[in-house]
Amino acid sequence: MSLLNTECPECETDFATPPLDAGETMSCPECLLTLRVSTVVGGRPQFEMVQTQLRDWGE
């Protein structure tokens, strides 16, 4: 399986991923942000940030 080079849209870290399809999610290895593949252009996944709800612990 070949790896694809891509970049995190938030921290701009370059990293390699296995082939991904639109809608799949993964975490950036640097900033740990959850990313969703919005499209695949030329075999390279284009990511969008996934909004996450953080739990309010009442502190």
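Reader: What is the bridge partner of Ser27 in strand 4?
Author: Thr34 is the bridge partner of Ser27 there. The model is predicted: local features need pLDDT of at least 70, side-chain atom pairs count only at pLDDT 80 or more, and totals for chains, interfaces and linings use all residues. Residues are numbered from 1 along each chain as its sequence is written, and side-chain values use heavy atoms, with hydrogens and water left out.

Reader: How many bridges do strand 3 and strand 4 pair over?
Author: Strand 3 and strand 4 (residues 34-41) pair over 3 bridges, in the antiparallel sense. Two strands pair if DSSP finds at least two bridges between them.

Reader: And which order does the open sheet have?
Author: The order is 3-4-5, three strands with antiparallel pairing. Strand 3 (25-27) and strand 5 (44-49) are the edge strands, each pairing on one side only.

Reader: What about the chain overall, how many helices and strands?
Author: There are 0 helices and 5 strands. Helices (H or I, at least four residues) and strands (E, at least two) are DSSP runs, numbered from the N terminus.

Reader: Switching topic. Which residues are in the largest nonpolar core?
Author: Its 7 residues are Cys8, Phe15, Leu20, Cys28, Leu35, Val37 and Phe47. A nonpolar core is a set of buried Ala, Val, Leu, Ile, Met, Phe, Trp, Tyr and Cys residues joined through side-chain atoms within 4.5 Å. Buried means under 20% relative accessible area, exposed over 50%, partly exposed in between (1.4 Å probe, protein chains only).

Reader: What is Cys28 in contact with, leaving aside neighbours within four places in sequence?
Author: Cys28 is then in contact (heavy atoms within 4.5 Å) with Cys8, Cys11, Leu33 and Leu35.

Reader: What share of the chain is buried?
Author: Of the 59 residues, 20% are buried.
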